[in-house]
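Please keep the sequence and coordinates to hand while reading.

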Amino acid sequence: MNDLVYASLAELSARVRTRDLSPVALLDGLLERIERCRALNPFITVAAGVARAQATQAEREIAAGRYRGPLHGIPVSLKDLIDTKGIRTTCGSRILADRVPAADATVAARLRAAGAILLGKNNLHEFAFGVTTTNPHFGPTRNPWRPDRIPGGSSGGSAAAVAVGCGPVSIGTDTGGSIRIPAALCGVVGLKPTYGRVSRHGVLPLSWTLDHVGPLTRTVEDAALVLQAIAGPDPRDPSTLGQAVPEFTAGLRKPLAGLRVGVVADEFHGEMAPDVRAPFRAALEVLATLGLALEDVEFPRAIEARTAAATVLFAEAASVHERWLPDRAGEYGADTLALLREGAFLTAAQYLRAQRVRALILREAGALMERLTALVLPTIPVVAPEIGQSTVMLGGRPTDARAALTRFVRHFNFVGLPAISVPCGFGADGLPVGLQIVGRSNDEPTVLAIAHAYEQATPWHTRRPPEP
Amino acid sequence: MATVDDLARIAHLAGLSIPRSDLERIAPILEALYADLDRLRKLPIAELEPAFTPQPPDPAGSAGGGAP
């Protein structure tokens, strides 16, 4: 069974296309796997009935010669913040626990059109406002590598599901690292595309300025295949307009020799845990052997960017939740409620100041990326904390766990650059460590090419968590 | 510096009912954030408009894949 549950999307797709593997048999295998992994709690809803009907239809279409492409007949799960027609979409909340959308989000509709099978809806941090996926309403998702640890968040159910073989793909969202953090902590691939690359229509916002939608997979090639299916203009999300969509898989094996890549080397390096620093340093050596020309750089105004990004996030999240905060505060979990309330005390002038700082940092980051093709840095400075752990040790000091987990990722939401996390080894207690590769705007092909070359040169993507 | 009483008044004006114990917990967090935000005034932003329309930096000016 493991050869099926841990097969990549590309491998499964080849077998489905040639009718060596039935979509119904594949679905049944994954439903059995989900049942076996129930204690990890990666799903809020398993859509077995809908999925079986879709798989049967896919099987019929493929048998009739109407093959739609690499996602046809492939089970895919979605973070439960993404609207699915006729299937409840809770946003991980009590407030929306019974909400059944009347229409698909654009990303769900595109997957459906590509022939993907909707396997279910993944657990998440309540309203995507947090990084632990310790959900007070649907229970915590547990890290497949050590169930006493968090999977990260907010797309924690997505990452745990993919890591433990409950499907090859999940779609997550990333406002301050929420795809890349759980990808790194669970040892899978997580891609936050360029801002506007993937439509957010039908996805409950957390912050209009910072929200992104993207895939979590077990290989870089699979991330490229999924991005191909979900990227592109959508009139219902103006941020997506005006883009040309490249062939994301076509460039995976393009030559990388001589590309100038910045190693983000400012205050970040001093605040990395030793068990993350060692795999990161080893990853840099691999990247150098691939021919990349590495040089130390500083990300512009990293500390100020952190303050401004937090201000934008808190203020916009408070605005999104204005409809519920006055009357339904008691239905939020404590940590989400506290963050939303902080946003309510920011003034308009403070929010605008943060957006003006964003204009400055966009300009300076643009100048940095004129001379560099990509940036590399760890995804997270520590391995997965325990469930309920509120602080971690960084630089010899106890540091708020949320601040630590978002430390290296939030900047790239603020400037909208594409960023991927790929597994790059293991730290303390056998827990995964992630390498983050950041590219130029709309240059996911190069980000994917570097990530793919690194992945193929290392064994990390072939490691599996213990059997649940 | 915002006191707990200040926050209680602001919350009331915003239509939010927040227990005093929660305001006492939020106050130092907000004070630190306000101080950080105050430091942002020193950045060269006087001539810049807010980045309302999210626009990631695009040095190549292209909409498709870039180098290599």
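Accessible areas here come from the Shrake-Rupley method with a 1.4 Å probe, and for residues only the protein chains shown count as cover. The structure is a predicted model.

## Chain B

Chain B exposes about 4200 Å², and carbon and sulfur atoms supply 56% of that area. Its secondary structure consists of two helices and zero strands, and of the 68 residues in chain B, 29% are buried.

## The interface between chains B and A

Contact between the chains involves 43 residues of chain B and 52 residues of chain A. Together the two chains bury about 3900 Å² between them, with 68% of this area on carbon and sulfur atoms.

Eight residue pairs across the interface are in polar contact, counting pairs with both residues at pLDDT 80 or more, and the number of salt bridges between chain B and chain A is one. That salt bridge is formed by Arg341(A) and Asp22(B), whose closest N and O atoms are 2.7 Å apart. On the side of chain B that touches chain A, helix 1 (4–13) and helix 2 (20–40) of chain B each supply at least two residues, and helix 2 of chain B gives the most, with 12 residues. Sorted by residue type, this side of chain B divides into 29 nonpolar, seven polar and seven charged residues.

## Asn122(A) in strand 3

Within chain A, Asn122(A) lies in strand 3, which covers residues 117–122. Because its relative accessibility is 0%, Asn122(A) counts as buried. The side chain of Asn122(A) makes a polar contact of 2.8 Å with the side chain of Ser77(A), and a polar contact of 3.5 Å joins the side chain of Asn122(A) to that of Ser158(A).

If residues up to four places away in sequence are not counted, the residues that Asn122(A) touches include Pro42(A), Phe43(A), Ile44(A), Leu78(A), Lys79(A), Asp80(A), Gly157(A), Ala161(A) and Ser170(A). Leu81(A), which is 41 residues from Asn122(A) in sequence, has its C-alpha 8.6 Å from the C-alpha of Asn122(A).

## Helix 6 of chain A

Helix 6 of chain A spans residues 156–163, and eight of its eight residues are buried, so this helix is largely enclosed by the rest of the structure. The buried residues are Gly156(A), Gly157(A), Ser158(A), Ala159(A), Ala160(A), Ala161(A), Val162(A) and Ala163(A).

The elements of chain A that cover the buried residues of helix 6 include strand 1 (43–46), strand 2 (75–79), strand 3, strand 6 (169–174), helix 7 (180–186) and strand 8 (212–217). After helix 6 of chain A comes Gly165(A), which has a positive phi near 85 degrees.

## Helix 8 of chain A

Helix 8 of chain A, residues 220–230, has eight of its 11 residues buried, so helix 8 too is largely enclosed by the rest of the structure. Its buried residues are Val220(A), Asp222(A), Ala223(A), Ala224(A), Leu225(A), Val226(A), Leu227(A) and Ile230(A).

At the start of helix 8 of chain A, a side-chain oxygen of Thr219(A) comes within 3.0 Å of the backbone nitrogen of Asp222(A). Just after this helix, Gly232(A) adopts a positive phi of about 125 degrees.

Notes. Residues numbered from 1 in each chain as written. Chains lettered and ligands numbered in written order. Predicted model: local features only at pLDDT ≥ 70, side-chain atom pairs only at ≥ 80, totals over all residues. Heavy atoms only, no water. Helix = DSSP H or I, 4+ residues; strand = E, 2+ residues; numbered from the N terminus. Buried < 20%, exposed > 50% of the residue type's maximum accessible area, 1.4 Å probe, protein only. Polar contact = N/O pair within 3.5 Å; in protein donor to acceptor, adjacent residues only side chain to side chain. Contact = heavy atoms within 4.5 Å. Buried area = accessible area lost by both parts, 1.4 Å probe. Salt bridge = Lys/Arg side-chain N within 4 Å of Asp/Glu carboxyl O. Nonpolar A, V, L, I, M, F, W, Y, C, P; charged D, E, K, R; others polar.
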